[in-house]
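These notes are for a colleague who is opening the model for the first time. Please read them with the structure on screen.

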Amino acid sequence: MKLKIISDKIPNGDQPKCIDFLSSNFFNSFNQTLLGVTGSGKTFTIANVIQTLQVPTVILAPNKTLASQLYSEFKELFPKNHVEYFVSYYDYYQPESYIPRTDTYIEKEAVINDVIDQMRHSATMSLLTYNDVIVIASISCIYGIGSPEFYSNLKLELKTNSTINTKQIINQLIEMQYSRKLDFTRGSFRINGDTIDIFPSHLKDRAIKVELFGDDIEGLHIIDPISNKKLEPLDEYTIYPNSHYVAPKDTMKQAMDKISYDLEKQENYLKSIGKEFESKRLHERVMYDLEMIGSTGSCKGIENYSGYLTGRNPGEPPPTIFEYLKPNSLLVIDESHIAIPQLRAMYNGDFSRKTKLVEYGFRLPRCLDNRPLKFEEWYKLRPRTIFVSATPDNFELNLSGKYVTEQIIRPTGIVDPKIEVSPTKNQMDVLIHNLREIVDNKSRALITTLTKKSSENLTSYLKDIGFKAIYMHSGIPTLERVDIINKLRSGEVDILIGINLLREGLDIPECSLVAILDADKEGFLRSKNALIQTIGRAARNINSKVILFADTVTDSIKEAIKETDRRRKIQKQYNEEHSITPKSIVKSIDKNFIKNKKKLTIEEIEKLNLEMKTLAENLEFEKAAKLRDYIKNNS
């Protein structure tokens, strides 16, 4: 299908100019920049550029919160196309590490979010299968994920009336790391006579039924995995592997031989420098992993052997999602002034940690192949790029040259907010007075602090005096962050407090007050660009204002106010010339990730899951399906 926006909205303000500029120059310049103020509809502009160009697109966001918000927006704009979500699937991640000074080994601990894992598989499957694909990704997408060649070549293609026997299907499913289970879950299959049910890794609540007659596929259907009810007939269907780290049998055999060779080599090296204990430790750990790989096709920490499984030479870039893209694809980097520095920083920290593991006999040297791309590698691999930011840095501007377009006029006519500089003396009294006005007007407020402790203390204090306040920090799981934003927008919470997490990508039209504490403390969080970004959070509401609590007007404050005043002047002039009356942005609350207000506890979910499985085993499929939907809607 063609990429098509389905919306009543039409481009307005500066949007038509920017859409035309970015679309017409797609082949003229490898790099372009959209300098768009907050609330000017940058997302809608990019959506129209994608629709015009008709190319597969990856949209890179600097954090999971912004990625989930963009996913919801693009899913709504392109409901008939393949809008996918590709972020880190860890809800909790403690990397494997070793601290020589205290002789402390920290084993890798991770809690994988099954929903996000499924969405990652859906993203890679769509990139390899369709052209109408938009993938919303976080910075973690520069980590290696396994060879796209192997992932694609190992797929199982099923066609009605084609010839294939049951044994062939089962063998290929096992090679693709699917497992045979009575408990039919994602990434498994089950057999009943001449029928094989397969639950593909990229599907959430649907499975595939293969009906065989001898060695012929007599029928293919999409089914409900619990009730086993047939939902839709198929002429053909492709099953992709259950892991991105898969390899053909011959490649797996070669990889195991190479691992054994490198193990002996590294053992001898460690012995030669007097590390007998480390050599023995390495031998035991790697031999155990080899035994697991040989018997199951995988092992705990399989990613540490990714270099062997992909067939790449030591030091070569790992395969990432960028290798799954088709030629002439588009990369959009949202909030590029934050994303680019993150891309630069990711490799060094990973390298330092793993070097210690190699040095002390915990891993083979090629564990270093499991890494994020170096910035230079990413730079060469990326497709044509549009940088998007309200405050692009010199890197983006210099790369783009003359191919920079400004989007300052908002379709709603809203001008940038007024800025007040208030002294820190009696700042709590001033803040509380303004917060009471906000609550009375049924609006929302954002407050930024410099430290986690001060955010926690302020949240507790405001709660104690009757405000509905909440604190959002980096330790909160991805989907819960979205739920917090939804609570703020729906009125369950009036005030959101945080540190730098609040600066980019919080699209909250109900917010009419942004308060910045310690605004005169020069540094990264109170730089000119950081202040402009934070001020922009109040630029979606006609009654908005910003209070900077500061005793000194720093250079950063002066520059931020100067740039805001420049934009206000342009916006006011445009409104006067076109007789526009500003209106607050009206936006529906996220329906894709929103959580039910009465959420089930983990214990309740486990109990209901057990009850659901019992019902299914007793062939009470309708009751089991209803219970499944209840769990899904309330967790």
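Between which two helices does the loop that holds Asn370 lie? The loop with Asn370 runs between helix 10 (336–359) and helix 11 (375–381). Helices (H or I, at least four residues) and strands (E, at least two) are DSSP runs, numbered from the N terminus.

This is a predicted model, in which local features need pLDDT of at least 70 and side-chain atom pairs count only at pLDDT 80 or more, while totals for chains, interfaces and linings use all residues. Residues are numbered from 1 along each chain as its sequence is written, and side-chain values use heavy atoms, with hydrogens and water left out.

1. Asn370. With a relative accessible area of 10%, Asn370 is buried (buried means under 20% relative accessible area, exposed over 50%, partly exposed in between, with a 1.4 Å probe and protein chains only). Not counting residues up to four places away in sequence, Asn370 touches Tyr245, Glu303, Asn304, Ser306, Asp350 and Lys354; contact means heavy atoms within 4.5 Å.

2. Gln15. Helix 1 (residues 15–24) contains Gln15, which counts as buried because its relative accessibility is 3%. Leaving out residues up to four places away in sequence, its contacts are Ile10, Ser40, Gly41, Phe44, Thr45, Gln407 and Pro411. A polar atom of the Gln15 side chain lies 3.2 Å from the backbone oxygen of Gly41. Gln15 and Phe44 are 29 residues apart along the chain, and their C-alpha atoms are separated by 8.1 Å.

3. Strand 1. Six of the six residues in strand 1 (residues 31–36) are buried. Asn31, Thr33 and Leu35 point one way, and Gln32, Leu34 and Gly36 the other way. Strand 1 pairs in the parallel sense with strand 18 (residues 384–389) over five bridges; two strands pair if DSSP finds at least two bridges between them. Here Asn31 has Thr385 as its bridge partner in strand 18. Strand 1 also pairs in the parallel sense with strand 19 (residues 404–407), over four bridges, and there Leu35 is partnered by Glu406.

4. An open sheet with mixed pairing has its strands in the order 10-11-12-13-14-15. Strand 10 (179–180) and strand 15 stand at the edges, each with a single partner strand, so one side of each has no neighbour in the sheet. Strand 12 (residues 195–199) and strand 13 (residues 207–213) run antiparallel and are joined by four bridges. Ile198 has Ile208 as its bridge partner in strand 13. Helix 6 (residues 166–175) packs on the sheet and touches strand 11 (188–192), strand 12 and strand 13.

5. The hairpin. Strand 14 (residues 216–223) and strand 15 (residues 230–234) pair in the antiparallel sense over four bridges. His221 has Pro233 as its bridge partner in strand 15. Six residues lie between the strands of this hairpin, where Asn228 takes a positive phi near 65 degrees.

6. Helix 7 and helix 8. The axes of helix 7 (residues 249–272) and helix 8 (residues 276–296) come within 8 Å and cross at roughly 170 degrees. That makes the two helices, helix 7 and helix 8, roughly antiparallel (angles under 35 degrees count as roughly parallel, over 145 as roughly antiparallel, 65 to 115 as roughly perpendicular and the rest as oblique). Axes are lines fitted to C-alpha atoms, for helices over the stretch in contact, and angles run from 0 to 180 degrees between N-to-C directions.

Notes
A polar contact is a pair of N or O atoms within 3.5 Å; within protein, one must be able to donate a hydrogen and the other to accept it, and residues adjacent in sequence count only if both atoms are side-chain atoms.
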